Amino acid sequence: MAENAEKNAKNKVENVIIIGGGPAGYTAALYTARANLEPLVFEGFQWGGQLQNTTEVENYPGYPDGIMGPEMMAQFRAQAERFGTRFVTDDVDRVELSDGGVQKVFLGDEEHRAKTIILAMGAEPKRLGVPGEMELGGRGVSTCGVCDGAFFKDQRVIVVGGGDSAMEDSIFISKYASQLTVLNRRDEFRASKIMLDRTREKDNIDFKTPYVPLEFVGGESGKLEKVRVRHAETGVEEEIETDGAFVAIGHIPKSEIVQGQVETDEDGYIVTEPGSTRTNLAGVMAVGDVVDHTYRQAITAAGTGCMGALDAERYLRDAAPPVEAHWMPGGEPAEIATGSG
Ligand code: NDP
């Protein structure tokens, strides 16, 4: 009897597995849990996503006084847990995605199966990898203009990068900053002409090229005071005094574990059908920053997390259960988790 119970537990096919413990993953968990789908979330060892490294969040609706990023994530998590979400606080090693079959997730040799999977692994900002960059995070150095620009009202700011993200951040932050310098490592810019032109039109923005940041230097207050830079051609170093520095050199989607299995674009973002979270594989949804080139906000990630949950619920309602969800190889019956659909 005990042996059978163990076998059944092993063969259990979940309704939905969610990979990712940021706003997208937790929102998908909340919605699927409330739909009685009993989601299993692999939230990662460092759950909370990018908000775990964020200080004050002032642009998430519903928090009129602002909230610290990690606290907000703890609340998202608790809300999903309240409706029965189960969490595995570990990083997934490997997945085997299927087109309409059973989706498999591996932690070492431990295998978990599901009829649907919601990929919500997020993205991370690219870093320069120079001294002071991480240490002064939240104390003058940031990777998110939209999140932190307003903290630099009437102050001096440097934006590092020459792509569209750097231009967009610069235009946004220039509404607050007294003076803003775009620091690019080349004289040419990767940004689109229109974004570059719009940035050039701003009276309080100037450009400093070709310069490479070498170090972010804090003062006695523990806050950023200056950036040490080097001219990319002459090698001459100098220091620029500043109150804030934004590193806007791109993002890396955390899609390694699904590369080659589900459709991704040339930058590694998972491709979904327009207006939905469905990927090219039936039963596989993707949500949040691992899909999103453009918006990358907690609120937009949460919004697509909700969409992913509804798409998963509809898939479970409409699609015939995969054969493997009934019978395991070798003839052992699998326990099917029952859903609301
Ligand atoms: P990009 O890859 O386009 O640009 C990155 C920029 O950072 C480049 O100028 C690059 O320099 C520079 N850079 C990269 N690594 C370093 C480094 N180690 N040190 C110094 N500089 C570095 O990334 P974006 O995030 O700007 O854009 C990504 C995609 O999203 C693009 O397709 C973009 O068009 C799109 N996007 C569109 C927006 C819009 O239309 N409103 C807004 C934001 C993004 P180099 O050129 O020398 O490699």
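A charge sits over a ring if NZ of Lys or CZ of Arg is within 6 Å of the ring centre and within 35 degrees of the ring normal. By that rule, the charged end of arginine 94 sits over the ring of phenylalanine 106, 3.9 Å from its centre. Arginine 200 lies over the face of phenylalanine 207, with 5.5 Å to the ring centre.

This is a predicted model, in which local features need pLDDT of at least 70, side-chain atom pairs count only at pLDDT 80 or more, and totals for chains, interfaces and linings use all residues. Residues are numbered from 1 along each chain as its sequence is written, and side-chain values use heavy atoms, with hydrogens and water left out.

**Ligand site**

Helices (H or I, at least four residues) and strands (E, at least two) are DSSP runs, numbered from the N terminus.

| Residue | Residue atom | Ligand atom | Distance |
|---|---|---|---|
| Glycine 163 | polar backbone atom | oxygen | 3.3 Å |
| Glutamate 168 | polar side-chain atom | nitrogen | 2.8 Å |
| Arginine 190 | side-chain N or O atom | oxygen | 2.7 Å |

On its own, the ligand has 920 Å² of accessible area, and the protein covers 74% of that. Accessible areas come from the Shrake-Rupley method with a 1.4 Å probe; for residues, only the protein chains shown count as cover.

**Aromatic pairs**

The structure holds seven aromatic pairs. Rings of Phe, Tyr and Trp (its six-membered ring) pair if their centres lie within 6.5 Å; planes under 30 degrees apart count as stacked, over 60 as edge-to-face and the rest as tilted. Tyrosine 26 and phenylalanine 87 have ring centres 6.0 Å apart and planes at 80°, so this pair is edge-to-face. Tyrosine 26 is in helix α2 (residues 23–34) and phenylalanine 87 in strand β5 (residues 86–88), 61 residues apart. Both are buried (under 20% relative accessible area; exposed is over 50%, partly exposed in between; 1.4 Å probe, protein chains only). Tyr26, Trp47 and Phe87 form one aromatic cluster.

Phenylalanine 152 and phenylalanine 246 also pair edge-to-face, at 5.5 Å centre to centre and 75° between the planes. Phenylalanine 152 is in the loop between α4 (145–148) and β11 (156–160), and phenylalanine 246 is in strand β17 (residues 244–247), 94 residues apart. Phenylalanine 152 is buried, at 8% relative accessible area. Phenylalanine 246 is buried at 0%.

**Two buried polar side chains**

Threonine 27 is in helix α2. Its relative accessible area is 9%, so threonine 27 is buried. A polar atom of its side chain lies 2.6 Å from the backbone oxygen of proline 23.

Arginine 113 is in strand β8 (residues 110–119). It counts as buried, at 14% relative accessibility. Its side chain makes a polar contact with the side chain of glutamate 111, at 2.8 Å. Arginine 113 and glutamate 96 are 17 residues apart in sequence and 9.5 Å apart in space, C-alpha to C-alpha.

Note on methods. A polar contact is a pair of N or O atoms within 3.5 Å; within protein, one must be able to donate a hydrogen and the other to accept it, and residues adjacent in sequence count only if both atoms are side-chain atoms.
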